[in-house]
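Open the model in your viewer and get ready to select residues. This tour moves from ring to ring.

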Amino acid sequence: MPMTPEQQAEIDELRSNPQPTLRAVAPGMEQHLYTAYDVLDHGFIRVIDYMGDDAAICQAARVSYGKGTKSVQNDAGLIRYLMRHWHSTPFEMCEIKLHVKLPVFVARQWIRHRTANVNEYSARYSILDREFYIPEPDKLAAQSVINNQGRGEALTGEEAARVLEYLKGDAARCYDHYAEMISDDGQQGLARELARMNLPANIYTQWYWKVDLHNLFHFLRLRADSHAQYEIRVYADEICKVVADWVPAAYGAFEDYRMGGATLSSKAIDCLRRMLKGEEVTQETSGMSKGEWREFEGVIG
C-alpha cells in the first residue's frame with residue numbers, strides 16, 4: 001500500500017482547507033499539491049510545497065540582465081534564450097519540495113544528486129514498514145553485454161521464477177529477523193539503529209526532497225533518460241508530469257534543448273560540416289574514438 005491511512009487522512013484534510021495567499025501561484029501546480037502519485041509497487045511522489053513559476057524565472061533574469069533583455073518579446077522567448085545559453089541562476093528562483101517513498105537502493109542512486117535538501121525517515125527512531133520492491137517479471141533482466149551498468153535481455157522461465165522467489169524469500173526472512181531482534185518481548189531487544197543493518201536494499205524508505213528548478217532539470221535530464229535505471233526513471237517520469245504543469249514554458253525549453261537536444265564536440269561539428277560538403281567520413285577519419293563515433297552516429301541517425 002503506497003499511502004498509510006494516516007498519510008491519506010492528512011492529505012485529505014489539507015486539500016479540504018485551502019488558504020488565501022498573496023504570493024504568486026502556478027495554477028498548474030495547485031492541482032498537484034498534496035496529491036500522491038503511485039510509483040512502482042509501494043512507492044509514490046507528492047508535492048508538499050513550491051515557490052515560483054515561469055514568471056519568476058523571467059523576473060529574476062530581467063533583474064540580472066536589465067536592458068539586455070529588451071529585444072526578447074515574450075517570457076517564453078526569454079526562457080528559451082536562458083535555457084539555450086545555459087543561464088542557470090534564473091531557474092534557481094523556483095523551488096519544489098517533494099515527499100517521496102522509494103526503495104533504499106533507488107534512494108542511494110538519487111542521493112548522489114547532492115544539490116538538494118533532504119530529510120529521510122529515520123530507522124534509528126522508527127520501525128520500517130514491511131514493504132519491499134519486488135520487480136514485475138518483465139523487469140528481471142540479465143547483465144548487458146555492451147553496458148557494464150545496464151540490463152540486457154529479460155530473464156525467462158525457471159530462472160526468472162527462481163530469482164523472484166529469492167527476492168521475495170530473502171526480503172521476508174530479513175524482515176522477520178529484524179522484527180525479532182528489536183522485539184522486547186521476553187528479551188532486552190536490539191537497538192533499532194543496529195537492527196536496521198540486516199534489512200535488504202529493496203525495503204522502502206521515505207524522505208522530503210527540496211530542490212531548485214535548475215538542479216531539478218539536471219536530475220531529470222539524467223534520470224528521465226532512456227539509459228537510466230528503470231526503477232529511478234519511473235520516479236523521474238512522474239516528476240516530469242508535475243513540472244510540465246508547474247512551469248510549462250521552462251519545461252518546454254528543457255524538453256527541447258536538454259532532453260531532445262545534443263551536445264557536439266568540436267570534432268563532431270567538424271565531421272558534420274565535412275559530411276554536409278559531401279565528404280564521406282568514417283570513424284577512422286573522424287579523429288574520434290569508437291565510443292564517440294557510436295554516440296555521434298546516434299545523434300545524426
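Start with tyrosine 133. It is buried, at 5% relative accessibility (buried means under 20% relative accessible area, exposed over 50%, partly exposed in between, with a 1.4 Å probe and protein chains only). This is a predicted model: local features need pLDDT of at least 70, side-chain atom pairs count only at pLDDT 80 or more, and totals for chains, interfaces and linings use all residues. Residues are numbered from 1 along each chain as its sequence is written, and side-chain values use heavy atoms, leaving out hydrogens and water.

Next, select phenylalanine 217 and phenylalanine 254. Their rings are stacked, 4.4 Å centre to centre with 10° between the planes. Rings of Phe, Tyr and Trp (its six-membered ring) pair if their centres lie within 6.5 Å; planes under 30 degrees apart count as stacked, over 60 as edge-to-face and the rest as tilted. Phenylalanine 217 is in helix 8 (residues 213-223) and phenylalanine 254 in helix 10 (residues 248-259), 37 residues apart. Helices (H or I, at least four residues) are DSSP runs, numbered from the N terminus. Both phenylalanine 217 and phenylalanine 254 are buried.

Now show Trp110, Trp207, Trp209, Phe219 and Tyr235. Ring pairs join these residues into a cluster. How many aromatic pairs does the count come to? The total is 13.

Finish with two charges over rings. A charge qualifies if NZ of Lys or CZ of Arg is within 6 Å of the ring centre and within 35 degrees of the ring normal. Select arginine 23: its charged end sits over the ring of tyrosine 50, 5.1 Å from the centre. Then pick lysine 101, which lies over the face of tyrosine 204, 5.9 Å from the ring centre.

How values were computed: Helix = DSSP H or I, 4+ residues; strand = E, 2+ residues; numbered from the N terminus.
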